[in-house]
Structure formats: C-alpha cells, structure tokens
Amino acid sequence: MNARAVAPLARRMALCCRQLAAHGLIAGRDGNLSVRIGRERVLVTPSGYIKSLVTAADMVEVDLTGTPRRAGRRKPTSELDLHLQILRRRGDVHAVVHAHPPIATGFAVAGEEIPGNLLPELIFVVGRVPLVPYGTPGTPELGERVAPYLEGHDALLLANHGAVTMGRSLDEAWIRMESLEHAARIIVAARVIGQPQPLDARAVRRLEALRALARQETDA
Ligand SMILES: [Zn+2]
C-alpha cells in the first residue's frame, strides 16, 4: 500500500479514536487501534496521546515484529504486543480495536460472559464473545492470554480490563466494538426491568448460520 492509499486509512483511524471517545467507549488515553497496510506493515495509534485529540499524522508505522518503520518522536501504542499477536495469528484480520466500553467491561469485571442467546444483532454482527483471563495491560502477558481465544472469534472480553474486536477492515472491527457495547447495555437494561428471555436454540443456530454465510460471501 503506497502513501496515498495509507493517508485515508490514517484519517479513518483518527476519526475512530474521536468517536470511541465521544461515545464513552474509552476515556483519556485509553484504547488503541491497528490496521494492516501491507504484508508486513501495520499502522497503529501512538502511545500516550489523548484519543480525542489524535490526528492522522500521529499514527505510527511498525512491522509485524513491532519495529518502527521510521524514526520519530511518537512511540507505538503500549498494547502493541496485543495487536501484533492478533495480526500475526489471524491472516484474515486487517484491523484490531481495543477499548474499555463500560457496560461490556462491567461483564468482564464481574467475571461473566455476555450471553450469546439474547440479541440477534450480537449473534450476527459480533458472534460469541469469550472472556479472556486477566493479563497485565501493556505487557506481553496480555497477548499471550488472548492467543488461545483467537480461533473463530472476532470479539473478546478481557477480564478486569476491556474488550478487543477484530475485522477485515477498520470499519468492521469498529462496528463490532459499538455493537458489543450496545448489546451489553440492552442486556443490563433487560435485567433491571425483568428476566431476559433467551431466543430458542433453533433461532440462535439460524442466526449463527447466517453469520457464517455472510463471512463466506465476503471472503470469496
Ligand atoms: Zn486497555
């Protein structure tokens, strides 16, 4: 991907950072993004920046080992290892979003998975969301914890920490993060109002089949 093709992606990443902050899915310097821009090249958000203020020019290019491709004052995100673990292991994933969405993270703090049999949108757009055991943020331990859960999942809850979503594009990973939090809000609302009523197993299987079909069609 040449510089002219990378520039709009960097702008989209900056927009995504601002929107995650505006929607309360991150606070201050929280959260980070990565987007694949070549076989060995990845664009990531910078470390230590307030995400509401980050611009396209602040993004940092690294290779799949995490080595910066250009000398500069900006350092890559402190969660670089988490992003690279995912991008190295999942060739189909082109973008990763890590955020701290408050209600979804509430499930992760309570040690509870988000139920996968309540909302069609969650099943179809996000899929099953396993809860990954705690690993210290900003250390390779977090990437190691995540690795066994990558196969077959496009979203993960990180115990006592936050969430990670993946996609074949930044928009897809971003949509999954928003949908995950939206579903978590609805489920909590349902618990406050009364007893959530699960979809029957046949309806869940049908939605899972539609999700698998949609993935195959866009893969082709
Ligand atoms: Zn985090």
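Predicted model: local features only at pLDDT ≥ 70, side-chain atom pairs only at ≥ 80, totals over all residues.
Residues are numbered from 1 along each chain as its sequence is written.

Ala163 is also one of the residues that touch the most other members of the largest nonpolar core, together with Met13, Val96 and Leu157. A nonpolar core is a set of buried Ala, Val, Leu, Ile, Met, Phe, Trp, Tyr and Cys residues joined through C-beta atoms within 7 Å. This core has 58 residues, and its largest share, 8 residues, comes from helix H1 (residues 3-22). Helices (H or I, at least four residues) and strands (E, at least two) are DSSP runs numbered from the N terminus.

**Helix H2**

In helix H2 (residues 80-89), Leu80, Leu82, His83, Leu84, Ile86 and Leu87 are buried. Buried means 20 or more other C-beta atoms within 10 Å of the residue's own, exposed 12 or fewer, and partly exposed in between, with C-beta atoms placed from the backbone. The partners of these buried H2 residues include strand E1 (32-36), strand E4 (95-99) and helix H5 (140-146).

**Two loop residues**

Leu119 lies in the loop between helix H3 (102-109) and helix H4 (120-126). Leu119 is buried because 22 other C-beta atoms are within 10 Å. Beyond its neighbours within four places in sequence, Leu119 contacts Ala183 and Ile186.

Asn160 sits in the loop between strand E6 (155-158) and E7, and has a positive phi, near 55°. Asn160 has 14 C-beta neighbours inside 10 Å, so it counts as partly exposed.

Notes
Contact = placed C-beta atoms within 7 Å.
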